[in-house]
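Here is a short briefing on side-chain contacts and surface features. Please read it with the model open.

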Amino acid sequence: NKFRSTSYVAEGTMDALLQTNCAAAKASGIEVYGIAFGAGSDGETQIRGCASAKGSNPNDKTGYYFKPQTSSELADAFRDIASQISKLRLTL
């Protein structure tokens, strides 16, 4: 609580930091999934911008960005993500 009451970072600054960190993660080969559940329109924009893109089309967020409207759709989004990442294998 002390941090929240003594520090303020403008929303635009926070949005820019989020997008910078997301871009760095994706540039490093990390797939980023985003779920915008009750995030509001700006939150949805930020989460969608952060999510990885499918293929070479930067606007195709299929499988990486989810906007569930109900708790059932939220559970489905997590199941979809879990299914996708369970296919990953690490090798040396």
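**Salt bridges, disulfide and surface patch**

Two salt bridges turn up in a search of the whole structure; a salt bridge is a side-chain nitrogen of Lys or Arg within 4 Å of a carboxyl oxygen of Asp or Glu. The structure also holds one disulfide, defined as a pair of cysteine sulfur atoms within 2.5 Å. This is a predicted model, in which local features need pLDDT of at least 70, side-chain atom pairs count only at pLDDT 80 or more, and totals for chains, interfaces and linings use all residues. Residues are numbered from 1 along each chain as its sequence is written, and side-chain values use heavy atoms, with hydrogens and water left out.

**Salt bridges**

- Glu44 pairs with Lys67, and their closest N and O atoms are 3.3 Å apart.
- This pair links distant parts of the chain: Glu44 sits in helix α3, Lys67 in the loop between β2 (65-66) and α4 (71-85), 23 residues apart. Helices (H or I, at least four residues) and strands (E, at least two) are DSSP runs, numbered from the N terminus.
- Lys67 is partly exposed, at 43% relative accessible area. Buried means under 20%, exposed over 50%, and partly exposed in between (1.4 Å probe, protein chains only).
- Asp76 bridges to Arg79, with the closest N and O atoms 2.7 Å apart.
- Asp76 and Arg79 are three residues apart in helix α4, so about one helical turn separates them.
- Asp76 is partly exposed, with a relative accessible area of 34%. Arg79 is exposed, at 51%.

**Disulfide**

- Cys22 is joined to Cys50, S to S 1.8 Å.
- Cys22 lies in helix α2 (residues 11-27) and Cys50 in helix α3 (residues 40-50), so the pair ties together parts 28 residues apart in sequence.
- The link of Cys22 and Cys50 is left-handed, with -80° about the S-S bond.
- Cys22 is buried, at 6% relative accessibility. Cys50 is buried too, with a relative accessible area of 10%.

**Nonpolar patch**

- Val9, Met14 and Leu17 make a nonpolar surface patch of about 260 Å². Patches are made of residues with over 30% relative accessible area and no salt bridge; like charges are joined within 9 Å, nonpolar side chains (Val, Leu, Ile, Met, Phe, Trp, Tyr) within 5 Å.
- Accessible areas come from the Shrake-Rupley method with a 1.4 Å probe; for residues, only the protein chains shown count as cover.
- Met14 is found in helix α2. Met14 is partly exposed, with a relative accessible area of 46%.
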